[in-house]
Amino acid sequence: MVTPGVLDPTKGDDWNVILEKNPWLKTERLVAKPDQMIGGRGKAGLIAVNKSFDEVKAWISERMCKDTTVAGITGQLTHFLIEPFVPHQQSEEFYVCIQSHRYKDEIFFYHEGGVDVGDVDSKASKLAIPTGCDISEEMVRLELLSEVDASKQKTLASFIKALFTFYKELHFAYLEINPIAMLPNNKIVPLDLVAKIDETASFLCASKWGELDWPSPFGRAAYPEEALIRDLDGKTGASLKLTVLNDKGRVWTMVAGGGASVVYSDTVADYGWGSELANYGEYSGAPSTEETFTYAKTILSLMCRYKHPEGKFLIIGGGIANFTDVAATFTGLIKALDMFADQIKENKIQIWCRRAGPNYLEGLKKLKIASQKLGLGVKVYGPETHITAVVPMALGLKEALPEPDLNAGPAPPPTRKRIQVKSKAAPKRTPTNGNKHTIVTATPQSRAIVYGLQNRAVQGMLDFDHMCKRKTPSVCAMVFPFSGNHYVKFYWGTEEILVPVYTTTKEACQKHPDAITFINFASFRSVYETTMEAMQYPQIKTVAIIAEGVPEQQTRQLIKEAEIKEVGMIGPATVGGIKPGCIRIGNTGGMLDNVVMSRLYRPGSVAYVSKSGGMSNELNNIIARNSNGVYEGVAIGGDRYPGSRFIDHLLRYQDDFGAKILVLLGEVGGQDEYEVIAAVKSGRITKPIIAWCVGTCASCFSTEVQFGHAGAQARGKTETAMAKNAAMKEAGIIVPDSFDKLPEALDTLYTKMVEDGEIVEEPEGETPQVPVDYTWAKKLGMVRKPANFISSISDDRGEELQYCGISISEVFSQSLGVGGVVSLLWFRRQLPPACCKFVEMILMVTADHGPAVSGAHNTIVTARAGKDLVSALCSGLLTIGPRFGGALDDAAKMFAEARDSGISPKDFVEQCKKQNKLIMGVGHRIKSLANPDQRVVIIKEYAKKFFKDTSILDFALAVEQITTKKRANLILNVDGCIAACFTDMLRSCGAFSREEADDLMSFGCLNGLFVLGRSMGFIGHHLDQLRLKQPLYRHPWDDITYISELA
């Protein structure tokens, strides 16, 4: 591989280095070509064949980093491959290609290869292999190699069989070799190759793939900002995507949701502004405040790079979120707006926002307040407008609607005037015929098993059930293999119920034979096995796979199994589906206030099917505002091979009397819409369909762009959004000019059908009350209650653990040490370094005092009894009291009170003698003034050197002078010295008032230091006994005096 580094010798990868690493370049004839996902390199003159190294070097140097136009796309060539030249004849070249489809893999073979191979789709031999099946050399020979010389067939058949095995094992999605050369010695050499791998299979194949590079398409520069967001995306559970299309463009978007991001780009393009569309991307999946800040500031930095005399537009949008806290993400957005406020005004950037979902009202309020403070003039809208309504307003194509009153509360359910019926014709009953479908339509009695401890989703399902007045909860059980069988408590309205949790799907199915739906929240790593198992139980009629990132091979195997078992399958990569009055799958429909706003608690007349889960919430909103509401809605998932297709659900809707209008929201990529077109043309579907295929903006891009969903990429002209929209329109399906006009089309059709008597409107009943969880209500500021606990010393709720307001990273960066941590957690102060050091000195000198003292003795005996570390430690700690270790607090109190009272040391000693009271902290078994305890010396000298005042210590030392005259060992011992010095430290360090210092002493903090320090020694003794493998301790008889009679 040759990169632009050859132009700069300082980068260490110039021609000399390349030659040194690859000496064969000087001895062989060579082939050179760019390696940047460019098709038709041979026809474009971008392959140098049979050249020497010097010729290749000159050829690459002429083209490196130079603008080149290929197939109408201009870009710079930056990466070249150099390979050995393989001499061969044209007659020795062949073409082979393997590609995957929903139900099969297909091998294409043609007996000629090279740049002039032509239309292989029409003339190649083809071998179709059903999903999960393998091939034999005989199959290859008979089906593909009839035009190949018999002497070459065996070798070629063996190669193609091995290639197909390689294709499957490494999870390729497409593999084309053109040409492969078969030399006279029967050696096969691939000469040029293009391939696509299924990136979602990395958890299965990463070790086989090795390091993979994902280059930008030719003609689109790679921006460091894209790399930044790609790196951020790889480190978070959220989805963050950014592609810069035109860094000088005037229209920039910051959109939440994969489907929504495409819809916004489409609408900009459909209104004629495609050439000014600057970027494509999304931020979704509940990104954190900091992640949103990084994403927003990246967008703003790109926007402000080049000025435009007429200004620019930033459209902040998104669908109605299912669970993302809009206010939390907007906090990050506002932080970025504050950072770039001056540049935004300087660049004349207009900002328009439309957002909805959990806590959206608070988010819009925050954004509006920040806008007014910063003078940015941001326009904000909520779900009272449909998703793309801000686009034509921002671009000046429509008059701006009044902004909503954000103090009036969330958007209420829409109210529609009753439509006057002009015809009394009875509603039509459509006969069913042909084309069987396997999806079982839900009823108010349908029950489900949920795989995974998804308590939030289950509670949402139960709340929906209760709102729909179901008699029983739709969730009868949960499965979680990583804990024993147990119960989880949920709300049923305002009452509490228990839902059983099993460790196996088998047991859940056995205990709940009425469950027909399996909702699988397993991760992409395990969802294949768990879904396969669920489909083995005949009672399961529908499975929903929520996980994104399921490898395509596994999905195709699941589809095959589902069709064999006649099980309906929704997903992967789906939010689920919803049938008002019956059931909702997982988080479909979003928060309960959105369920109410879209009137999803009772059935309407419009049934929809969508690829995008996020856009399903938008369809709920659009349908509720332009008709009598949703009858049923399903998001089939954005992968290339969804478990069920549009046609599966539209056939159900066609056969269901309650569904009067059908809505289809497709997208670029795949052929599924054409099955619907065929059903309409054949008369199998007769109900009116309103359809739109998102991705029309793709025609504005000179290079290929991967949209938000894995399947949103066209493999040919018929898979483009524009082609599919045109084909649907030609078939008689209602296709608006833009997604932005879909609400209008629905309103027109619904009004006509009501006027004609085909839809009978019912009076709107009472809007149900929304039960609100306390946690969410508190977050919204609706309720309050006193906390059961109060803590002021630590906080683990944010991005980083904090000790008394100081983050753990600051604790280490400031080298606060153990003493500093103790000062923060015990005293709620950051004490001076000398004080922190003194705390550590106390811990060190009190750590241990040999095995004979009571605490250590107890610890040793307990350890030798086979008890665990904590039990042994507690045994030792329980001995701490007035006679062992507990003298510190009493000594501090005695010396401080005496010093503060003004009594002289002599009188203090005499007073204690008269009261028959021991002077705590005075006395040692063997030490004296002549033979001092070095611990006391160290502590005393440190206090004298670093503390501003040592009056308590001075008083204690004066007492020592008196007591040692009575007996030499009545010295100030280590307990007394620590007590006096610690009191002086608290009083003189400047961190506490006198009253605060005295309170801390009365709380027992000195004894706490002894406990903390001595715990180190006790733990040491426990470990020492285990290390020495000491047996059970039994005290010797001869060390016990047995008394049978008292004197």
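## Salt bridges and a helix contact in a predicted model

D900, R987, R994 and D998 are linked in a network of salt bridges, a salt bridge being a side-chain nitrogen of Lys or Arg within 4 Å of a carboxyl oxygen of Asp or Glu. By this rule the count comes to 44 salt bridges.

This is a predicted model, in which local features need pLDDT of at least 70 and side-chain atom pairs count only at pLDDT 80 or more, while totals for chains, interfaces and linings use all residues. Residues are numbered from 1 along each chain as its sequence is written, and side-chain values use heavy atoms, with hydrogens and water left out.

**The chain as a whole**

The protein chain has 35 helices and 33 strands; these are DSSP runs numbered from the N terminus, helices being H or I of at least four residues and strands E of at least two. The C-alpha trace spans about 115 × 90 × 75 Å along its principal axes. Of the 1047 residues, 53% are buried (buried means under 20% relative accessible area, exposed over 50%, partly exposed in between, with a 1.4 Å probe and protein chains only). Among contacts with a separation of 6 or more, 73% come from residues 24 or more positions apart, where contact means heavy atoms within 4.5 Å.

Side chains of opposite charge can pair when their charged atoms come close.

| Pair | N to O distance |
|---|---|
| R141 and E138 | 2.6 Å |
| E764 and R602 | 2.8 Å |
| K724 and E673 | 2.8 Å |

R141 and E138 both lie in helix α4 (residues 137-144), 3 residues apart, about one turn of the helix. R141 is partly exposed at 31% relative accessibility, and E138 is partly exposed at 41%.

E764 forms a salt bridge with R602. E764 lies in the loop between α22 (742-755) and α23 (774-779) and R602 in the loop between α17 (592-597) and β27 (606-610), so the pair ties together parts that are 162 residues apart in sequence. E764 is partly exposed at 40% relative accessibility, whereas R602 is buried at 18%.

K724 forms a salt bridge with E673. This pair also links distant parts of the chain, with K724 in helix α21 (residues 721-730) and E673 in helix α20 (residues 672-682), 51 residues apart. Both partners are buried: K724 has a relative accessibility of 0% and E673 has 2%.

**Helix α4 against helix α5**

Helix α4 packs on helix α5 (residues 150-169) at an angle of about 115°, with their axes 8 Å apart. Axes are lines fitted to C-alpha atoms, for helices over the stretch in contact, and angles run from 0 to 180 degrees between N-to-C directions. The two helices are therefore roughly perpendicular to each other (65 to 115 degrees).

On the α4 side, E137, V140, R141 and L144 meet Q153, K154, A157, S158, I160 and K161 in α5. The residues of this contact divide into 4 nonpolar, 2 polar and 4 charged; Ala, Val, Leu, Ile, Met, Phe, Trp, Tyr, Cys and Pro count as nonpolar, Asp, Glu, Lys and Arg as charged, and the others, Gly among them, as polar.

**Surroundings of Y451**

Y451 lies in strand β18 (residues 447-451) and is buried, with a relative accessible area of 12%. Not counting residues up to four places away in sequence, Y451 touches V479, P481, T505, F518, I519, N520, F521, A522 and T530. Y451 and P481 are 30 residues apart in sequence, and their C-alpha atoms are 9.1 Å apart in space.

Note on methods:
Angles under 35 degrees count as roughly parallel, over 145 as roughly antiparallel, 65 to 115 as roughly perpendicular and the rest as oblique.
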